[in-house]
Amino acid sequence: MHKQDFYKLLKISSNSLSFTFKRFFNAYIEETKNIIVIQEKSNQELLKFPSVWLRDNCYCNSCFHPVSKSRIHNWNEFDVNVKAEHLQINPETKQIIINWTDKHQSIYDLKWLKERAFNQKYQRDYLRDFYRPETQHWSRSDFERVTHLFQFNDIMNDNNVLKLWLESLATYGIAIIKEAPIEKTVVRKLANRVGFLRRTTYGEEFIVQAKSDANNVAYLSDPLAPHTDLPYYEYKPGCNILHCMVQSKSDGGCNLLVDAFYIADRMKAEYPEDYNILLSTLVDWNDIGSEDGQAFHNIWRAPVIVLDNEGNYTRINHSIPQRDSHFSVPIDKVLPWYEAYTKFVRLARNDAITFKTSPGDVLTFNNLRLLHGRTGYDDTDKNVRYIVGGYLDWDIIYSKLRILKTTTRFPSKRTAFPVHICDRIKVTC
Ligand SMILES: [Zn+2]
């Protein structure tokens with residue numbers, strides 16, 4: 001239908017049903033027939049939809065399988081130059097009906113269309129509110145403000161608290177769970193509440209405890225400099241869950257944490273050339289050993305700072321012990337990389353926050369973003385520091401978060417966490 005025809009129809013309808021006029025929306029085919037324009041109310045912006053996209057996303061039963069929610073129309077016959085021949089609107093059902101040049105008819109709900117509008121603002125809101133929460137980067141001095149505390153039982157029993165925990169993790173990269181039982185099953189219970197544990201070379205759950213035959217530096221009682229876990233995996237585990245069952249009564253055993261996205265921001269602002277070197281130099285990360293009789297040799301080559309196509313940080317790789325002696329770059333790139341990396345490590349070290357978890361605390365944080373470490377400690381016969389760890393992957397966390405956003409009672413709050421937060425974390429070391 002052409003714009004003029006639409007106005008004719010609108011006029012007839014509004015004369016005969018004037019009380020529905022306010023609920024009326026406006027839709028027409030642009031001259032080129034490649035774009036459909038919709039306006040919900042006269043004062044609202046135009047929503048434009050490409051014809052090819054509309055036809056591709058027809059959700060009638062022959063184009064779309066409603067149970068699997070999947071596109072099923074025959075792409076071998078799909079015409080990318082398809083055009084709308086005729087357009088009708090139904091003001092009562094708030095639908096538009098389009099007849100296409102390929103003789104197909106499609107019906108679209110206005111609500112469905114609005115959720116998929118190509119306007120920048122709608123797309124930005126969708127990406128931020130539903131795809132993934134926007135990250136907020138923080139320095140050491142922000143730690144107490146950004147670290148939210150949740151009760152273990154609330155997370156296990158209340159979907160709203162579960163959602164707030166996962167939103168905290170996605171936004172700030174950290175959250176602490178208090179008053180978990182002193183049981184080895186806590187990490188698994190939390191992971192199962194979200195989805196499932198991520199298995200690695202070191203198993204599903206792992207015990208961080210000083211061991212005389214340590215096969216990983218984490219299993220020593222020495223200080224552990226801030227690092228990310230498993231940088232030598234292409235599919236690096238997304239989120240750490242560390243349940244403190246016994247804490248060292250010695251002065252040590254404190255956690256160190258740094259938001260490496262914030263450190264990357266600082267590198268970009270203060271040392272832009274070094275920042276670019278850390279973005280562009282592929283580093284060989286590795287781990288060699290054996291666990292439960294299975295030998296392994298993991299290698300992944302990746303820069304220290306990894307960006308996505310839109311220039312957002314997707315992953316930080318940093319672990320001094322797990323950097324390979326192989327460094328597969330041109331020889332003239334070596335010294336500049338070391339100089340840049342040294343600045344990054346120094347900034348991170350100086351921004352590390354130190355605090356000590358207590359038995360029953362579960363520290364959860366984003367392993368693609370935060371660096372974590374610990375101060376050294378001395379075990380005694382009666383006091384052996386004992387931490388149970390496990391991982392969750394971000395695909396699983398984001399999926400759960402979207403399900404919770406569509407099923408929980410309250411709308412998502414991205415910045416305020418007003419409920420079920422017992423108090424703020426105390427910096428104790
Ligand atoms: Zn169809």
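**The largest nonpolar core**

Gladly! The largest nonpolar core holds 67 residues, and Trp165, Ile241, Ala260 and Val362 touch the most other members. Here a nonpolar core is a set of buried Ala, Val, Leu, Ile, Met, Phe, Trp, Tyr and Cys residues joined through C-beta atoms within 7 Å. A residue counts as buried if 20 or more other C-beta atoms lie within 10 Å of its own, as exposed if 12 or fewer do, and as partly exposed in between, with C-beta atoms placed from the backbone. Helix 7 (residues 159–172) gives the most to this core, namely 8 residues; helices are DSSP runs of H or I with at least four residues, strands are E runs of at least two, and both are numbered from the N terminus.

Please keep in mind that this is a predicted model: local features need pLDDT of at least 70, side-chain atom pairs count only at pLDDT 80 or more, and totals for chains, interfaces and linings use all residues. Residues are numbered from 1 along each chain as its sequence is written.

Now zoom in on isoleucine 241. Beyond its neighbours within four places in sequence, Ile241 is in contact with Val187, Leu190, Ala191, Val362, Thr364, Gly389, Gly390, Tyr391 and Leu392, where contact means C-beta atoms, placed from the backbone, within 7 Å.

Among contacts with a separation of 6 or more, 75% join residues 24 or more positions apart.

Technical notes: Two residues are in contact if their C-beta atoms, placed from the backbone, lie within 7 Å.
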